[in-house]
Amino acid sequence: MKKLVALGMALTMVMSILTGCGGSASSSAASSEAASSDAASGSSASSDFNVPAGAKVVKFGNAGAIGEPAPETCQYFCDLVNEKIGDRYYFEFYPAEQLGNETTMLENIQVGLQEGVMTSLDTLASYESDLNILSMAFAFDSYDSMIAYLKSDLGASIWESLDSQGMHVVNYEFKKNPRIFFAKFPITSPADMKGMKYRIPNLPIFEKNARAMGATPTVVSWSEYPFALMQGVVDGGECSKDSYRSAGLYESAKYVADVDYAYPVEQICFSTQFWNSLSADDQKVIEDCAADAAAKHTEKIADKWEADKEWLVKEGGVTFCDIDRQAFIDAAAPLGKELQSEGFFSTPNLYDETRQFNSQA
C-alpha cells in the first residue's frame, strides 16, 4: 500500500524516537530530544562533525548499531562523499536509530527532517507493494535474478512510485547474506516446522511465508527477538545469515536450516526534493560513491559469513541441519499465485512476470 504522509508526521517522529530507542527512559528521552532538535535546527548532534564553512549539512541515518556492517558502510559512504563535495554538501552520519527507527527515518525524509538514509529495501514495501515479492519465500533463485528484475522495465515503476512519494533510491545493491530458518530443534524440512511458534515482524508477507511452511506466526519486534526465544514465546524464526550471530539469536535457537529462501539488500535513498535540488554533477558523485560503497559492503558481508559460520559451529554450539531444500521450495510453490490473487502487488500479474528472471524459468 502507499502512504501519504502529512506534515503532522514531524510530531510522530519525535514520539517514535522517545519510545523506540534502546537504553533507559531518561537516556532515550535525552538522546531523542537532541536528535529532534538537530533535525529541526540543522545543527550537529556530535562534536566529531567539523562542517566546512558554507557547506549544507546533509543528515544521513541508519538503524544499525555501531560496529555492525551497515553502519560501517554508511560511514565509509559519507566519508567518500565528503572527500569529493564536502565543501558544498557535508554528510553527517547518525547510526543506531539516533534519528529514529527505519520507519521514522523514512517519514523524516518525506517531511524534510533529514535528507538520506540506508534501510533494508523491503522496508519500502510499505510504500510500494511490488517490493513485497523480495520477501516472498523462494520468489527468486539468486541475487542476480532479483537484481535483474529490479533493473528491468518491469521494476521501473517501483522507483517512479517511490520518487512520487518523496523518496529517491540511489542504490539498492548493498547485499546482505541470504535468509535462513532456525529453531530450538532440528529443521530438515517443512514437516519439522509444523506448529512451530515462529517469530515474524508485523508484515503480512512474513505471515504468509510462515504459514506456507506450516508454522504458527507470532509477531515480535526485532529488539525483543532474543528475549522471546529465551523465554519460549517463540521456538525460532528467520533472519539474514549475518544477523543470526550479531543479534545473538543463536544463543537460544541453535539449529539452522540454511535454505537461502530470500536475498535481502540494503538501499540508500534521499529526499526527492533534496535530490532534485542537486546539480547533475553532484548527483553523479553521490551515485558513484554509493556504487563504490555497495561493492565493498557486498565483499565484506560474504567474507564475514564464512568466519561467522565457523565460529557458530565451534564456539556457539550451532548445528547446520542436513536439509531437503527442495521440500521447502515445494511448500512455498503455491505462495506466488496466492499473493497475486490477493492483491499483494501493485502490478496485478507480478509473480507470473518475474518468473522470466529466474535461471530455472
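## Close-up views of a predicted model

**Figure 1. Here is the whole chain at a glance.** The accessible surface of the protein chain comes to about 15500 Å², and carbon and sulfur atoms account for 51% of this area. The model shown here and in the views that follow is predicted. Its protein chain holds 14 helices and eleven strands. Of the 361 residues in the protein chain, 53% are buried. Looking at contacts between residues at least 6 apart in sequence, 73% join residues at least 24 apart.

**Figure 2. Let us zoom in on Gln267, a residue of strand 10 (residues 265-271).** Gln267 counts as buried because its relative accessibility is 0%, with the cut-off for buried set at under 20%. Its side chain makes a polar contact with the side chain of Thr119 at 2.7 Å. The Gln267 side chain also reaches the backbone nitrogen of Cys269, at 3.2 Å. Leaving aside residues up to four places away in sequence, Gln267 touches a set of residues that includes Val117, Met118, Ser120, Leu121, Leu124, Val169, Asn171 and Tyr172.

**Figure 3. Next comes strand 5 (residues 179-183), which is largely enclosed by the rest of the structure because five of its five residues are buried.** In a regular strand, side chains alternate between the two faces of the sheet. Both faces of strand 5 are covered, with buried Arg179, Phe181 and Ala183 on one side and buried Ile180 and Phe182 on the other. Strand 5 pairs with strand 8 (residues 236-240) in the antiparallel sense over five bridges, and Phe181 stands opposite Glu238 there. Strand 5 also pairs in the antiparallel sense with strand 9 (residues 255-257), over three bridges; in strand 9 the bridge partner of Phe181 is Ala257.

**Figure 4. Now for the aromatic rings, which form 22 aromatic pairs.** Phe140 and Tyr149 are stacked, at 5.8 Å centre to centre with 20° between the planes, and both residues are buried. Phe181 and Phe328 form a tilted pair, at 5.8 Å centre to centre with 40° between the planes. This pair links distant parts of the chain, as Phe181 in strand 5 and Phe328 in helix 12 (residues 325-332) are 147 residues apart. Phe181 and Phe328 are both buried. One aromatic cluster is formed by Phe60, Phe77, Tyr89, Phe91, Phe93, Phe270, Phe274 and Trp275.

**Figure 5. Finally, meet two arginines placed over rings.** The charged end of Arg199 sits over the ring of Tyr225, 4.6 Å from the ring centre. Arg245 lies over the face of Trp311, 3.9 Å from the centre of that ring.

How values were computed. Residues are numbered from 1 along each chain as its sequence is written. This is a predicted model: local features need pLDDT of at least 70, side-chain atom pairs count only at pLDDT 80 or more; totals for chains, interfaces and linings use all residues. Side-chain values use heavy atoms; hydrogens and water are left out. Helices (H or I, at least four residues) and strands (E, at least two) are DSSP runs, numbered from the N terminus. Buried means under 20% relative accessible area, exposed over 50%, partly exposed in between (1.4 Å probe, protein chains only). A polar contact is a pair of N or O atoms within 3.5 Å; within protein, one must be able to donate a hydrogen and the other to accept it, and residues adjacent in sequence count only if both atoms are side-chain atoms. Contact means heavy atoms within 4.5 Å. Accessible areas come from the Shrake-Rupley method with a 1.4 Å probe; for residues, only the protein chains shown count as cover. Two strands pair if DSSP finds at least two bridges between them. Rings of Phe, Tyr and Trp (its six-membered ring) pair if their centres lie within 6.5 Å; planes under 30 degrees apart count as stacked, over 60 as edge-to-face and the rest as tilted. A charge sits over a ring if NZ of Lys or CZ of Arg is within 6 Å of the ring centre and within 35 degrees of the ring normal.
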